[in-house]
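Hi,

Here is the structure I promised to pass on, and below it are my notes on what turned up. Please read them with the model open beside you.

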Amino acid sequence: MGRRTTRIGTIVLGRTKLREQDLILTMIDQNGAQVRAVAKGARKPGSRLAARTELFCECDMLLSCGRGLPIVQEAEVRNRHGHLAYDMGRVAAGSAMCEVARLTCYEDMEDPFLYHILSRALDAVGEAKDAQNEALLVSAYAIKVLSHCGWRPVLDACVACGEPSMARFSVASGGVLCQSCAKDVAGAMPITEAQVSWVRSLVLSTFDTLATCEVAQETSTFLAHLAHAWCATHLDARLRAFEFYAGV
Ligand SMILES: [Zn+2]
């Protein structure tokens with residue numbers, strides 16, 4: 001049976017060793033679907049493919065498809081997101097975002113938004129003023145993507161009774177709770193109005209704004225924990241890279 005080729009933009013989300021010198025790449029394609037492909041010889045020292053299949057790398061790929069996984073024939077770099085490569089904090093930030101991307105895109109399910117927001121978020125980390133702003137970007141990326149996928153936090157009124165008073169936040173219930181409803185909900189954490197408006201701005205603010213705004217370390221840490229818990233609960237998955245990044 002012949003193999004057909006297809007050319008498509010992708011971002012590398014994960015790399016798994018295969019045999020001596022090969023890799024299996026997990027990627028999101030420009031249509032927002034998850035693609036896995038074999039990069040032959042990509043672990044050979046000096047291989048042209050090695051540098052083009054790094055984590056975070058945005059490439060035009062020529063894939064040949066047939067039985068089994070597609071095979072990478074050519075890869076041309078569009079955007080290496082190179083600012084993520086030389087700083088451990090940024091590598092961890094990018095890895096956490098790629099992990100969320102990997103858990104929210106699926107084979108045979110197209111959603112171009114997921115590709116574009118990841119590409120933009122990876123770029124934005126390079127524009128972050130400092131580590132606190134990086135944490136805001138990772139948290140915002142996670143909350144924006146989950147909101148898009150149907151898990152948008154309720155922030156304007158108690159998620160249980162609709163009273164416009166908010167004393168606690170419950171990840172499992174899906175948003176803020178008033179004092180009286182919170183009594184019956186295990187794991188509802190105290191939240192201030194200022195913190196609620198920060199969560200709101202993760203949903204609504206642009207990455208540009210979040211990359212440069214003033215934010216206290218206490219706040220960015222709180223938001224990273226909340227965003228991690230939001231993802232782990234609603235995606236029902238353990239997110240190791242995000243855990244490492246958020247320090248949970
Ligand atoms: Zn209530």
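Two residues are said to be in contact, or to touch, when they have heavy atoms within 4.5 Å. I use that meaning throughout.

A word on provenance before the findings. This is a predicted model, in which local features need pLDDT of at least 70 and side-chain atom pairs count only at pLDDT 80 or more, while totals for chains, interfaces and linings use all residues. Residues are numbered from 1 along each chain as its sequence is written, and side-chain values use heavy atoms, with hydrogens and water left out.

**The chain as a whole**

The protein chain has 9 helices and 8 strands; these are DSSP runs numbered from the N terminus, with helices being H or I of at least four residues and strands E of at least two. Its C-alpha trace spans about 65 × 40 × 30 Å along the principal axes.

Of the 248 residues, 51% count as buried. Buried means under 20% relative accessible area, exposed means over 50%, and partly exposed is in between (1.4 Å probe, protein chains only). The chain exposes about 11900 Å², and carbon and sulfur atoms supply 49% of that area. Accessible areas come from the Shrake-Rupley method with a 1.4 Å probe, and for residues only the protein chains shown count as cover. Among contacts between residues at least 6 apart in sequence, 58% join residues at least 24 apart.

**Helix α4 and its two partners**

Helix α4 (residues 131-148) packs with helix α2 (residues 88-104) at an angle of about 5 degrees, their axes 10 Å apart. That makes the two helices roughly parallel. On the α2 side the contact includes Gly89, Arg90, Ala93 and Met97, and on the α4 side it includes Glu134, Leu137, Val138 and Tyr141. By class, this contact has 11 nonpolar, 2 polar and 2 charged residues.

Helix α3 (residues 112-125) also meets α4: their axes come within 10 Å and cross at roughly 175 degrees. α3 and α4 are therefore roughly antiparallel. In α3, the residues involved include Phe113, Leu114, Ile117 and Leu118, and they meet a set in α4 that includes Glu134, Leu137, Tyr141 and Lys144. The residues here divide into 10 nonpolar, 1 polar and 2 charged.

For the terms: axes are lines fitted to C-alpha atoms, for helices over the stretch in contact, and angles run from 0 to 180 degrees between N-to-C directions. Under 35 degrees counts as roughly parallel, over 145 as roughly antiparallel, 65 to 115 as roughly perpendicular and the rest as oblique. Ala, Val, Leu, Ile, Met, Phe, Trp, Tyr, Cys and Pro count as nonpolar, Asp, Glu, Lys and Arg as charged, and the others, Gly among them, as polar.

**Two positive phi values**

Phe56 is not a glycine, yet its phi is positive, at about 80 degrees. Phe56 sits in the loop between α1 (48-52) and β4 (58-65) and is buried, with a relative accessible area of 5%. His81 has a positive phi too, near 50 degrees. His81 lies in the loop between β5 (71-79) and α2 and, at 2% relative accessibility, is buried.

**Some single residues**

Asp87 is also found in the loop between β5 and α2, but counts as partly exposed at 34%. Its C-alpha atom is separated by 30 Å from that of Gln73, 14 residues away along the chain.

Leaving aside neighbours within four places, Ala237 is in contact with Leu103 and Ala232.

Lys40 belongs to the loop between β3 (34-39) and α1 and is partly exposed at 47%. Beyond four places in sequence, Lys40 touches Arg19, Asp22, Leu49 and Ile71.

In strand β2 (residues 22-29) you will find Thr26, buried at 9%. Its contacts outside four places in sequence include Ile11, Val12, Gln34 and Arg102.

Happy browsing!
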